[in-house]
Amino acid sequence: MLLPGGGPGMNSTMGDINLIQAQRHLVRSLDEGIDLEIGPGDDDPSFSNTPLIGGPTQEPSAEEQDESKQMAMVSQLPNDDQDMSKAQPAKRKKKVVKRWREEWADTYKWAYVDVKEGTARIFCSVCKEYGRKHRRNPYGNEGSRNMQMSALEEHNNSLLHKEALRLQMASKDKIVADKPINVKALMSKTAGSIIEAALKRDPHEAEFIQSVQEAVHALERVIAKNSHYVNIMERLLEPERMIVFRVPWVDDKGETHVNRGFRVHFNQALGPCRGGIRFHQKMNLNSKFSRALPLSASKTLKNALSPYKLGGAAGGSDFDPKGKSDNEIMRFCQSFMNEMYHYFGPDKDLPSEEMGVGIREMGYLFGQYRRLAGNFQGSFTGPRIFWSGSSLRTEATAYGLVFFAQLILAELNKDIKGLRCVVSGFGKIALHVLEKLVAVGALPITVSDSKGYLVDEDGFDYVKISFLRDLKAQQRSLRDYSKTYARAKYYDEAKPWNERCDVAIPCGSQNEIDQVDAINLVNSGCHILVEGSNMPCSPEAVDALKKANVLIAPAMAAGAGGVVAGEIELNHECNVMHWSPEDFESKLQEAMKQTFHRALKAANDFGYQKESPEALLHGAVISAFLAIAQAMTDQGCV
């Protein structure tokens with residue numbers, strides 16, 4: 001702990017008390033995330049509560065008040081040293097401490113003093129807001145002024161602090177995401193240099209940096225074994241191309257409108273790109289909502305992990321199809337395709353549905369593509385549901401999530417029958433997850449929307465799921481469900497993660513599970529979490545779940561069902577035959593099984609046991625990266 005040094009004439013009794021205080025204020029755990037710490041000031045008892053600059057203040061604790069009283073009693077003991085201490089004016093002591101605080105505040109503008117658990121400590125305001133809280137500084141137990149200044153200087157020059165400063169600067173731009181990036185402490189300098197390079201190149205892409213950190217963290221053992229992968233990683237983190245273009249169109253009144261379209265081809269080393277098209281009014285290449293860069297990056301890894309050889313892409317437009325007529329949507333899709341048809345094709349880019357883009361939009365897009373390309377190449381997923389091919393395209397992703405949960409349970413010699421499952425979201429994926437859970441004998445009990453969640457302790461069945469679909473189609477609230485089923489209850493402004501469960505399947509939005517939610521899941525008895533949406537857990541939530549040994553199935557592995565369905569649709573055999581639901585599910589199960597075992601094998605090769613909560617998380621990334629890295633190595637520097 002950092003303790004201000006005593007002035008001349010301090011007696012031996014005071015020294016003993018300082019030693020006792022130093023022992024009492026030692027941090028008991030390195031995981032408390034403390035940067036620096038100080039004890040109550042010898043010269044000025046109020047120093048522990050005084051912020052250096054802009055920091056929060058608190059009233060002195062009872063423990064500190066007792067210590068101050070003890071120090072005051074000792075100071076009244078009559079001895080020669082006490083007389084010498086009286087020779088030093090009290091005002092001068094306070095002036096020295098004040099000047100010391102001013103020096104800190106002037107040199108280290110991020111430092112402030114706060115009291116935690118009865119101990120006054122120094123915190124970094126920048127790291128507290130923009131970075132992950134760090135471990136206690138190794139100089140934190142020294143009391144001299146020079147050692148305190150050395151501790152402050154070391155933190156000021158640390159890589160984590162510099163990364164947090166960059167994020168602070170990036171946050172001043174209106175484009176950057178409101179939620180700060182949590183910088184993870186990495187084990188190697190090499191891994192840290194990769195993160196630093198990504199921050200330098202894309203400081204505004206907060207969610208992309210978060211996904212890069214998770215990937216690099218999973219690949220540390222791989223990079224440590226072969227330094228060649230550092231160069232591969234640096235090349236992989238830069239997209240192959242980013243396409244931005246205007247999309248003019250005419251509404252039903254004859255008025256002209258202009259939107260912006262874009263597409264990111266992240267990597268094509270393994271094959272043609274596969275990725276969704278998203279239409280939303282907040283969609284933009286650099287906006288928080290678009291997530292084009294992180295989506296295309298995660299899609300690259302997901303496709304590489306699947307049994308098929310595909311690259312990754314993402315894109316869309318800031319066009320909002322809501323409230324538009326069919327003719328207006330058709331004219332916009334045709335204008336969008338006038339530019340993008342150059343880049344689409346069975347050997348180039350295979351687009352699929354995303355938010356705001358369904359069967360109708362994909363049909364219009366494909367029709368214009370066929371007209372411009374002059375042939376029926378069938379490189380679009382979605383329209384083929386009606387013309388030929390698979391019959392379960394929309395269910396594939398959701399069914400794959402349930403199949404993946406069954407594979408995890410089978411490794412643990414358990415069955416999914418009778419297990420309580422909490423599901424978030426109220427879209428197509430969430431409803432199909434409920435449907436499949438009922439089919440395999442599980443007990444799904446929740447769904448949620450943006451305003452709260454619905455819980456039915458009796459569990460959903462096919463009749464209830466049909467009623468939920470009616471509510472969705474009629475744009476009615478989930479609250480109306482409880483009017484029909486009295487035992488169900490809707491909770492406003494709440495999440496379903498505190499409900500008692502065995503399996504959790506988040507199918508809502510990114511980072512919907514924070515650290516508090518993760519703790520609630522652990523306390524509710526959750527043992528397995530299957531990610532049904534991209535990055536549903538914050539970094540802090542992942543850490544909390546791993547510490548509690550909750551097995552996490554990452555979205556890049558568990559969500560591969562959509563990739564499998566797309567490839568089955570594009571398979572030549574599908575052009576001439578219609579797959580039955582049983583045949584399709586059999587193909588889907590086999591593909592999910594291959595994906596599952598590939599992730600486990602990669603984890604085992606690098607020392608992660610299958611029972612470890614990191615096995616699937618890291619194994620999926622390792623397997624996907626090694627496949628891409630081998631292709632990039634074989635193809636040379638291109």
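Predicted model: local features only at pLDDT ≥ 70, side-chain atom pairs only at ≥ 80, totals over all residues.
**Charge over a ring.** The charged end of K324 sits over the F319 ring, 5.2 Å from its centre. I then looked up K436. Its charged end sits over the ring of Y399, 4.8 Å from the centre.

**Around F319.** Is F319 buried or exposed? I find a relative accessible area of 1%, so F319 is buried. W249 has 6% relative accessibility and also counts as buried.

**Aromatic pairs.** I count 17 aromatic pairs in the structure. I took Y229 and F625 from the list. Their ring centres are 5.5 Å apart and their planes stand at 75°, so I note the pair as edge-to-face. Y229 belongs to helix α11 (residues 228-236) and F625 to helix α25 (residues 615-635), so this pair ties together parts 396 residues apart in sequence. Both Y229 and F625 are buried.

Next I checked W249 and F319. The centres lie 5.3 Å apart with the planes at 90°, so this pair is edge-to-face. W249 is in strand β3 (residues 241-250), while F319 is in the loop between β6 (311-317) and α13 (326-340); the pair therefore ties together parts 70 residues apart in sequence. Which residues form one cluster with them? I list F245, W249, F279, F319, F332 and F336 as one aromatic cluster.

**Salt bridges.** The count comes to 18 salt bridges. I looked at E238 and R201, whose side chains meet at 3.1 Å, N to O. E238 is in the loop between α11 and β3, and R201 is in helix α8 (residues 189-201), so to speak distant parts of the chain, 37 residues apart. E238 is partly exposed at 34% relative accessible area. R201, at 51%, counts as exposed.

D458 forms a salt bridge with R487, with the closest N and O atoms 2.8 Å apart. D458 lies in the loop between β11 (452-455) and α18 (462-473), and R487 in the loop between α19 (479-484) and β12 (489-492). They are 29 residues apart. D458 is partly exposed at 41% relative accessibility, and R487 is exposed at 57%. I also noted a network: salt bridges that share partners join D326, R360 and E361.

**Helix α9.** Last, I checked the length of α9, residues 206-218. At 1.5 Å a residue its 13 residues should span 18 Å, and the end C-alpha atoms are 19 Å apart, which agrees. How many of its 13 residues are buried? I get 12, so α9 is mostly covered. Among them are F208, I209 and H217.

Methods: Residues numbered from 1 in each chain as written. Heavy atoms only, no water. Helix = DSSP H or I, 4+ residues; strand = E, 2+ residues; numbered from the N terminus. Expected span 1.5 Å × (residues − 1). Buried < 20%, exposed > 50% of the residue type's maximum accessible area, 1.4 Å probe, protein only. Phe/Tyr/Trp six-rings, centres within 6.5 Å; stacked < 30°, edge-to-face > 60°. Lys NZ or Arg CZ within 6 Å of the ring centre and 35° of its normal. Salt bridge = Lys/Arg side-chain N within 4 Å of Asp/Glu carboxyl O.
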